[in-house]
Amino acid sequence: RSRRQRQMCIRDRHSVFYDNQEVELSKKEYDLLLLLIQNKNLVITREQILDRVWNSNYYAGDRTVDVYISKLRDKIPELVHCIKTIKGVGYKLEEKR
């Protein structure tokens with residue numbers, strides 16, 4: 001049996017498709033996903049994520065980034081294997097092998 005490859009595609013601003021189905025993301029979820037894609041294979045700290053996605057003048061609790069990463073993983077199952085948690089630091093989006 002051949003395993004069908006599932007793909008994620010960002011077609012335009014706030015339109016994300018996974019497995020040919022549109023995935024509804026909030027603005028923050030979309031911005032976070034875009035930040036991870038733009039920094040693929042680089043570790044991004046929680047502080048950098050908060051600064052770039054939530055802006056430095058907004059206080060978000062320590063767990064905010066973790067919650068939003070979890071939401072992305074739930075909505076786009078392929079990301080479970082691609083978004084790596086770097087303990088005590090932040091996150092990294094790795095290409096699937």
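**Starting from a hairpin and moving inward**

Let's begin in strand 6, where Gly-90 is the bridge partner of Ile-86. Keep in mind that this is a predicted model, in which local features need pLDDT of at least 70, side-chain atom pairs count only at pLDDT 80 or more, and totals for chains, interfaces and linings use all residues. Residues are numbered from 1 along each chain as its sequence is written, and side-chain values use heavy atoms, leaving out hydrogens and water.

Strands here are DSSP runs of E with at least two residues, helices are runs of H or I with at least four, and both are numbered from the N terminus. Strands 5 and 6 are antiparallel, with 4 bridges between them; pairing takes at least two DSSP bridges. Their hairpin has 3 residues between the strands, and Gly-88 there takes a positive phi near 75°. Strand 6 also runs antiparallel to strand 4, joined by 2 bridges, with Tyr-91 opposite Ile-44.

Now look at helix 2, residues 46–54, where Arg-46, Ile-49, Val-53 and Trp-54 are buried (under 20% relative accessible area, 1.4 Å probe, protein chains only). Viewed down the helix axis, these buried residues fall within an arc of 80°, so they line one face of helix 2; the arc is taken from the directions from the axis to the C-beta atoms. They pack against helix 1, strand 4, helix 3, strand 5 and strand 6. Just past the helix, Asn-55 has a positive phi of about 70°.

Finally, Leu-32 touches Ile-49, Val-53, Tyr-68, Ile-69 and Leu-72, leaving aside residues up to four places away in sequence; contact means heavy atoms within 4.5 Å.

Key: Buried < 20%, exposed > 50% of the residue type's maximum accessible area, 1.4 Å probe, protein only.
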